[in-house]
Amino acid sequence: MSAAQPLDPVADQIRAVLDGRWADVRQRLREDPDFPVAEPALELGLEEHRQRTLEMVTTLGGSELVRAGLPYTVGGSNDVGAAVTGLEMIGYGDLSVFVKAGVQFGLFGGAIAALGTERHHQRYLPGMADLSLPGCFAMTETGHGSDVQSILTTATYDPAEDELVVHSPSPAARKDYIGGAARDARLAAVFAQLVVDGETHGVHCVLVPIRDESGAAMPGVTITDCGSKMGLRGVDNGRLMFDEVRVPRDNLLDKYGAIDDSGRYSSPIESINRRFFTMLGTLVRGRVTVGAGAGAAARSALTLAVRYGMQRTQFHHPDGDHEVVILDYRGHQRELLPRLARSYALALAQNALVEKMAAISSGEIDSEHEQRELESRAAGIKAVTTDHATDTIQACREACGGAGYMSLNRFTDLKADTDVFATFEGDNTVLLQLLAKGMLTNYKTEFTELDTRGAILFGARQVTTSVIEHTIGGSLIQRLISGAPGKDGDDALLDRGGQLALFEDREQHMTETLAMRLRRAGDDDADAFAIFNDAQDHLLDTARAHVDRIALEAFVTAIDATPEGLGRDLLAKVCDLYVLSTVEANRAWYIEHGRLSSSQSKGVIARTNELLGEIRPYAGTLVDAFAIPGAWLTTEMMADLAEF
């Protein structure tokens, strides 16, 4: 698909479903001549690459994409959904630009907007938005990566000077891998333990100048360059150390914790733990954006690989009249089409996640429960989508053979640039644990009231209503499940309600049995860490089962909202493939737990193969529906295919 070439009606109908609520944002960027297109095999030195990236991010400054993330009071539209969607689209282009823009406008700007008050907004956000004030987000430390609550950097209030003294007490307190720190940032949003009158009040964010106007490090600030990385060469990651650096008290972003003129600390949230999680919860946008960019990169890879597979021939057909295109081989279909179906499911789950985040950000939803649910879902979708991207890009590279290995064909950069997505904005293993722990909170009251016999019976139940909350398409999903055939029926996997029930049953059982295992950690003589550690594999698989389920619910809800026609019918088949391929990947669990017989398990394989054959003629339509302009798919391979 070139930038100007219209989609066929079926692909266009599906595109409308995938584009979702912010379709206008997507379309504007598709038509934007200044879109930051990737240039494969860009032969630039590190400094030149970083300069190019800065220039491309600077062109975004003051754009609708940036204004969307700003409050009304500083000329923004306060539309966080549009802001995240815009960054997702940049994930189809230059991923260094995606990350650097995400740091500047999402993390740095987002911290000021979410944790600061009006005086911070007026003073800093305009410069953040037009890039006259380049910044960075200094949270991660060498000694405490994912454990933010235990970071060592301190910000100690000095009442005599009415200043905060920011200090790195040891090498473990060094701020590490900080995007923008090595070269461009002048102001850092530094997360530190706030100490007032000898009392520690937990992690807060302080704005600390790290460079002067000439680019020289400020007194007391040590900046080092992380240098070359596996990918994202245009992002200037650096390290920061602070030696009793003094900043005005007003530099404390004090929405959730302030120091008054008398030097007294106060917070609207009394509990340190609750305050910490509330503050971090406001920064969920970064995690959502990373998942969005990873999904876009995976879809770029699938578009390249599917189109290549539709043209590249290998060996003659037995009739001797023609060579076989490689996508007609069942083995090739199995490599690409189930991943294509999963990409659809995760894209629709991402859309639903962004809609919920936008509703909470705008105040349309005002509930602590909904906020916690958003944070858990964002953690899970980010982890699963970034893992999916890593897996899919590799499979697509292999599916293109030698062509996929050439730098000009983008897989080199796609692999290298997205690899870190699994460990930044939250390590995926830690995020899945976070999600699973959130799922277990539903059991706290019930466990308190159970004796031993009751607990055993509780753990033995296979179906309850205490865990599964249909947060996407609630009434529709419940209606389909209620009308589904029994899970033991041979046709359960052919019925949409039966599919939903099967996914729900797996998540339910895994959560209940996990809760029973971890309940022992509360016993007086228990080694709580050992019990938790022994169950960690169970914990992670439970979280993955949850994401599988909510992705299916998002898919089903999107299909239901699609007008009747070939597009809806094709989406339904892709959804079936997502279900069957997911069940196939987890056949061992379903058989071990009596959810599938051996004959039913074999039937899953057979039906998956049938679906692959049914979907194969529409593979081109399905990647066309991603609506990635041809100008963005800057590869030698795509140019060669045009001549086949």
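Ala619 is buried in this predicted model, because its relative accessible area is 0%, and buried means under 20%. This alanine belongs to helix α24, which covers residues 619-624.

**Around Ala619**
- Setting aside neighbours within four places in sequence, Ala619 has contacts with Val306, Met310, Leu327 and Leu337.
- Asn237 is 382 residues away from Ala619 in sequence, and the C-alpha atoms of these two residues lie 39 Å apart in space.

**Nonpolar cores**
- The largest nonpolar core contains 166 residues.
- Within this core, the members that touch the most other members are Ile14, Phe191, Tyr344, Phe411, Phe555 and Val583.
- Helix α10, made of residues 330-362, supplies the largest share of this core, with 16 residues.

**Helices α5 and α9**
- Helix α5 spans residues 80-90 and helix α9 spans residues 284-311.
- The two helices pack at an angle of about 35°, and their axes are 8 Å apart.
- The crossing of α5 past α9 is right-handed.
- On the α5 side, the contact is made by Val80, Ala83, Val84, Leu87 and Glu88.
- On the α9 side, Arg285, Val288, Thr289, Ala292, Ala296 and Arg299 take part.
- By type, the residues of this contact are seven nonpolar, one polar and three charged.

**A three-stranded sheet**
- Three strands form an open sheet in the order β4-β8-β7, and their pairing is antiparallel.
- Strands β4 (175-179) and β7 (221-225) are the edge strands, each pairing on one side only.
- On average, neighbouring strands of the sheet are turned by 35° against each other, with direction ignored.
- Strand β8, residues 237-242, runs antiparallel to β7 and is joined to β7 by five bridges.
- Leu240 in β8 stands opposite Ile223.

Conventions:
Residues numbered from 1 in each chain as written. Predicted model: local features only at pLDDT ≥ 70, side-chain atom pairs only at ≥ 80, totals over all residues. Heavy atoms only, no water. Core = buried A, V, L, I, M, F, W, Y, C linked by side-chain atoms within 4.5 Å. Buried < 20%, exposed > 50% of the residue type's maximum accessible area, 1.4 Å probe, protein only. Helix = DSSP H or I, 4+ residues; strand = E, 2+ residues; numbered from the N terminus. Axes fitted to C-alpha atoms, helices over the stretch in contact; angles between N-to-C directions. Left-handed = near helix turned anticlockwise from the far one by under 90°. Contact = heavy atoms within 4.5 Å. Nonpolar A, V, L, I, M, F, W, Y, C, P; charged D, E, K, R; others polar. Pairing = 2+ DSSP bridges.
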